[in-house]
Amino acid sequence: MSELTSQIITGLDNIRIVLVETSHTGNMGSTARAMKTMGLTNLYLVNPLVRPDSQAIALAAGASDIIGKASIVDTLDEALVGCRLVVGTSARSRTLQWPMLEPRECGVKMTQEAAQAPVALVFGRERVGLTNDELQKCHYHVAIPANPDYSSLNLAMAVQILAYEIRVAWLDQQANHAEPQPTEAEVYPLAEDLERFYQHLETVLLDIGFIRASHPGQVMNKLRRLINRSRPESQEINILRGILSAIDNPDDRNRHK
């Protein structure tokens with residue numbers, strides 16, 4: 001293995017490919033093959049409807065090691081633990097539009113941020129994709145601009161296209177000797193910390209009567225979109241949580257006056 005290839009594979013170790021509730025083991029194998037050809041190794045299976053079997057191994061075509069060490073978890077939240085960037089695959093026709101990336105932009109952003117912490121690229125179910133709740137856990141959505149008259153891409157095809165863009169971005173970085181160095185100001189919160197913030201925010205908004213449990217509307221969804229779009233850093237999230245805690249505990253707030 002050449003030094004350049006070794007660097008690329010090492011750099012790609014922080015990138016997770018996450019499949020949610022996959023229903024065909026063949027798609028798991030084909031996904032593993034698509035990943036390995038592009039140097040990706042971390043496969044997460046969220047609540048798969050079937051477990052990897054001999055068909056998955058057969059269609060992996062030499063990438064059975066990716067299947068063998070795949071992480072199988074119950075929830076998407078578990079698959080995202082430790083990630084600072086989450087990109088969900090989606091068509092554009094959603095009621096509430098989210099920040100969108102083109103495939104090439106997705107590759108660049110993921111490889112840049114993978115230098116700092118794990119990142120995740122999330123794919124949904126074969127028939128219906130990701131739910132709105134799952135998509136709202138993502139910082140960005142990415143859509144493949146397929147032929148609008150025939151946009152039928154199967155799961156492994158979609159993984160292959162986006163994995164290729166990730167590899168191209170890494171090759172460009174290596175060719176340009178780009179070594180992005182994280183700074184303290186660029187440290188983003190982990191996915192689980194951001195989820196705890198959203199839970200805290202919703203609790204406070206319910207407590208003060210800003211939203212009602214019986215009629216929550218789209219307030220939390222729109223707040224998620226606003227905050228995800230702004231990509232707050234960890235220290236900024238801590239400030240916001242401090243504000244929420246002060247609202248939660250007025251007695252503590254008054255003692256500091």
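This is a predicted model: local features need pLDDT of at least 70, side-chain atom pairs count only at pLDDT 80 or more; totals for chains, interfaces and linings use all residues.
**A parallel sheet and its helices**

Strand S1 (residues 15-20) and strand S6 (residues 119-123) run side by side in the parallel sense, joined over five bridges. Within this pairing, Val18 has Val122 of S6 as its bridge partner. Strands of a sheet pair through backbone hydrogen bonds, in either a parallel or an antiparallel arrangement.

Taken as a whole, the sheet is open and has seven strands, in the order S3-S2-S1-S6-S4-S7-S5, with parallel pairing. Strand S3 (71-73) and strand S5 (100-101) stand at the edges with a single partner strand each, so one side of each lacks a neighbour in the sheet. Helix H2 (residues 25-37) packs on the sheet, where H2 touches S1 and strand S2 (42-46). The direction of H2 makes about 155° with that of S2. Helix H8 (residues 155-175) lies across S1, strand S4 (85-89), S6 and strand S7 (140-142). Relative to S6, H8 runs at about 155°.

How enclosed is S1, and what is the state of its two faces? Six of the six residues of S1 are buried, so this strand is largely enclosed by the rest of the structure. In a regular strand, side chains alternate between the two faces of the sheet. Both faces of S1 are covered, with Ile15, Ile17 and Leu19 buried on one side and Arg16, Val18 and Val20 buried on the other.

Attention now turns to the helices. The axes of helix H9 (residues 191-207) and helix H11 (residues 234-248) come within 10 Å and cross at roughly 30°. Because angles under 35 degrees count as roughly parallel, H9 is described as roughly parallel to H11. The crossing of H9 past H11 is left-handed. On the H9 side, the contact is made by Leu194, Arg196, Phe197, His200, Leu201, Val204 and Asp207. H11 contributes Ile237, Leu240, Arg241, Leu244, Ser245, Ile247 and Asp248. Sorted by class, this contact of H9 with H11 has eight nonpolar, two polar and four charged residues.

Glu195 is found in helix H9 and is buried, with a relative accessible area of 11%. Leaving aside residues up to four places away in sequence, Glu195 touches Asp77, Lys137 and Arg224. Leu223 has its place in helix H10 (residues 219-230). With a relative accessible area of 23%, Leu223 is partly exposed, because buried means under 20%. Leu223 touches Leu201 and Leu205, again not counting residues up to four places away in sequence. Although Leu223 and Leu201 are 22 residues apart in sequence, their C-alpha atoms are 9.5 Å apart in space.

For the chain overall, the model has twelve helices and seven strands. Buried residues make up 43% of the 257 residues. Among contacts between residues at least 6 apart in sequence, 84% join residues at least 24 apart.

How values were computed
Residues are numbered from 1 along each chain as its sequence is written. Side-chain values use heavy atoms; hydrogens and water are left out. Axes are lines fitted to C-alpha atoms, for helices over the stretch in contact, and angles run from 0 to 180 degrees between N-to-C directions. Helices (H or I, at least four residues) and strands (E, at least two) are DSSP runs, numbered from the N terminus. Angles under 35 degrees count as roughly parallel, over 145 as roughly antiparallel, 65 to 115 as roughly perpendicular and the rest as oblique. A crossing is left-handed if the near helix is turned anticlockwise from the far one by less than a right angle, and right-handed if clockwise. Contact means heavy atoms within 4.5 Å. Ala, Val, Leu, Ile, Met, Phe, Trp, Tyr, Cys and Pro count as nonpolar, Asp, Glu, Lys and Arg as charged, and the others, Gly among them, as polar. Two strands pair if DSSP finds at least two bridges between them. Buried means under 20% relative accessible area, exposed over 50%, partly exposed in between (1.4 Å probe, protein chains only).
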